[in-house]
Each structure stands twice: as structure tokens, then as C-alpha cells.
Amino acid sequence: MAALTKKVSAPELQKSKDVKSSTVSYPFWFGGSASCFATFFTHPLDLVKVRLQTQATGAARLNMLQMFGHVAKTDGVMALYRGLSAAQLRQATYSMTRFGVYEALKERLTTPESKPSFLTLVGMASISGLLGGIAGNPGDILNVRMQNDAALPREQRRNYKHAIDGVFRMAREEGVGSLWKGVWPNSSRAVLMTVGQLATYDGFKRTLLEYTPLKDGLSTHFTASFLAGFVATTICSPVDVIKTRVMSSQEHHNIIKLVTDITKTEGVRWMFKGWVPSFIRVGPHTVLTFLFLEQHKKIYRQLKGE
């Protein structure tokens, strides 16, 4: 008796290809490049988030929209892009490292027959985030300082010309070690952010491809990255506030004492201070980063004839 065979339709065949993990090896710098592109669009949101998190206790509190208006009115609309060079330096180091290491680890553990479990993705993202946080710390601290500079009294402003000027001045005036001030809260945040973005993006994307009619296209990429941005913002919020306070300060703080003091004066609400502007910044940045990254990969595959 002849064996029975099932005829697979074209849509089903395409869906099968979408669900399968790709084994194409992509350049290490793709994640950093995609993040740099995204930063051009989201930098003003990041600046406002930093200003909200560093408002002096007891002063008149501004909300997100008020802070946008305050910055634009006080320093001009272009002030919303203050520190952009530092933000680009940060993405070129932090994001390139974490995306590059994560993709390299995922490539090693992915075959046409199997793919890493979600817990394995979380482990890989944690390692990648830690390394990215260390590599990107100088750019991150300069990003916070340059964004917050105009909010300081004139005599306390640092007035860095650009990120490279800031690196050399910090090394000369405060010592090379100052470039890694706050590296541990920053790296802790980087671990959480990378798990929240990369591991959950892959998890959400895989779920959408396997259990919904969606194909591996713009709709899937947008939905998965939006959900990943929501998760990343929520789990990173407490560490993000601490990191911003430490990096913007001119004093050396013990992290435990800092947390204790903030909790005494502001209550537990400090943990989600600036959550809305953080999500409004992290959400679009996550979406744009993954959309740019997927396009990087798509163009690369086309060039390689994959």
C-alpha cells in the first residue's frame, strides 16, 4: 500500500519557516547600530525621564508634560537633545556588547532541530546584560550628566562639549575610576533590561509565531517588542532610579544607605518614580530597536542570498 502523504499548503509552509529558528550568523555590531538609530527618535524622552528622577526633594514637582515644556522654554527646543553624543556612545558600547554577546550565545545553542528554552534565554541575557553594563558605563554616566547639567546651578555645571570631551575630562579631573562610578547598580539594571528586552522579545515572538496566525513580519515584531518594553520598564524601574541618583550626584553614596534614605523621605513610591516617562521612552526605544534590528537582519539575509 502506498504511503499516505499530507499536502502542505503554501501558507502552512511559510508559517513553518517562520517558526523555525534561523541559523544565519549576523555581524556583532547589529544590535548597537539598531539601538543608535532608535536613540535619534527617543532621546528627548530619556532626557525628560532623567530630569524627573533628579528633581530636588521639596521643590515644586513637575509631571512629564510640564518637564517637556520647562526644558523647551528654559533652554530651547534643541536642549531636548542635550547629551545626544553621550547617548550614542552608550548605545555603541552597551547595546553592541549585550546584543552581540546574546546573539553569539544564542547562535551556539540554536540548531535547525532545536532552540534554547526560555530559561536558557534568560541566562544568556543576564550574562550579556552584565557585560554590556560594564562596557557601557562611561557612556551611561556621561549621558546622565549631560542631560541633567542644565538643571544644576551654574557653578556646579560640568559643561562637557561632547561625549569624548567628557571622557577625557572625567579621567583627568576625577580619575579613570570615575568612569565606572555606579557600575554595579548600572550593571544590575543592564541585566534586568536585557532579560526584559531580549529574552522576553524572543519568548513573545516565538509564542506569537507558534500560537497565533501572525507571520514573521512587522506585526509580530511590533507586538513582541512592545510587550518586551513593558516588562523591561517594570522590572528595571527601582534600579533605574538608584542608578540615576548615583550617577548625577557629585558625592559617593553607599547604595544601601541611599535606598534607606530615599525610602524614609519618599516612601516606596520612589521605586516607580518616572515609570510613565520611562515606559514612554523604553517602549518606543525597544520597538524601534527591534524593528531596525529585524530590518538589519532581513537586508543581510538578502545580501547573502539566504
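Is Asn159 buried or exposed? I looked this up to begin with: Asn159 has 52% relative accessibility and so counts as exposed. My cut-offs are under 20% relative accessible area for buried, over 50% for exposed, and partly exposed in between, with a 1.4 Å probe and protein chains only.

**Entry 1: ground rules**

I am working on a predicted model, where local features need pLDDT of at least 70, side-chain atom pairs count only at pLDDT 80 or more, and totals for chains, interfaces and linings use all residues. Residues are numbered from 1 along each chain as its sequence is written, and side-chain values use heavy atoms, with hydrogens and water left out.

**Entry 2: the overall layout**

I find ten helices and zero strands in the chain. Helices (H or I, at least four residues) and strands (E, at least two) are DSSP runs, numbered from the N terminus. The order from the N terminus is accordingly α-α-α-α-α-α-α-α-α-α. Of the 306 residues, 49% count as buried.

**Entry 3: the loop between H5 and H6**

Back to Asn159, which sits in the loop between H5 and H6. I noted its phi, near 55°, which is a positive value in a residue other than glycine. Arg158 belongs to the loop between H5 and helix H6 (163-174) as well, but Arg158 counts as buried, at 10% relative accessibility.

**Entry 4: H2 against H10**

Next I checked how helix H2 (residues 30-53) meets helix H10 (residues 275-304): the angle is about 175° and the axes are 7 Å apart. The axes are lines fitted to C-alpha atoms, for helices over the stretch in contact, and angles run from 0 to 180 degrees between N-to-C directions. H2 and H10 are therefore roughly antiparallel to each other. The angle classes are under 35 degrees for roughly parallel, over 145 for roughly antiparallel, 65 to 115 for roughly perpendicular, and oblique for the rest.

I also sorted the residues of the H2 and H10 contact, and they divide into 14 nonpolar, ten polar and four charged. Here Ala, Val, Leu, Ile, Met, Phe, Trp, Tyr, Cys and Pro count as nonpolar, Asp, Glu, Lys and Arg as charged, and the others, Gly among them, as polar.

**Entry 5: salt bridges**

How many salt bridges does a search of the whole structure find? I get ten, taking a side-chain nitrogen of Lys or Arg within 4 Å of a carboxyl oxygen of Asp or Glu.

One of them pairs Asp140 with Arg90, with 2.9 Å between the closest N and O atoms. Asp140 is in helix H5 and Arg90 in helix H4 (residues 84-109), so this pair ties together parts that are 50 residues apart in sequence. Both ends are tucked away: Asp140 is buried at a relative accessible area of 2%, and Arg90 is buried at 4%.

Arg172 and Glu173 form another, their closest N and O atoms being 4.0 Å apart. Arg172 counts as exposed at 60% relative accessibility, while Glu173 is partly exposed at 46%.

I then looked at Asp216 and Lys205, a salt bridge with closest N and O atoms 3.7 Å apart. Asp216 lies in the loop between helix H7 (183-211) and helix H8 (218-248), and Lys205 in helix H7, so the pair ties together parts eleven residues apart in sequence. Asp216 is partly exposed at 31% relative accessibility, whereas Lys205 is buried at 15%. I also noted one network, in which salt bridges with shared partners join Glu103, Lys106, Asp202 and Lys297.

Asp202 lies in helix H7 and counts as buried at 15% relative accessibility.

Arg145 is in helix H5 (residues 118-148) and is buried, at 3% relative accessible area. Its side chain makes a polar contact of 2.8 Å with the side chain of Glu174. A polar contact is a pair of N or O atoms within 3.5 Å; within protein, one must be able to donate a hydrogen and the other to accept it, and residues adjacent in sequence count only if both atoms are side-chain atoms.

**Entry 6: the nonpolar core**

Last, I looked up the largest nonpolar core, which has 19 residues, with Tyr102, Phe290 and Leu293 having the most contacts inside it. Such a core is a set of buried Ala, Val, Leu, Ile, Met, Phe, Trp, Tyr and Cys residues joined through side-chain atoms within 4.5 Å. H2, H4, H5, H7, H8 and H10 are the elements giving two or more residues to this core, and H7 gives the most, with five.
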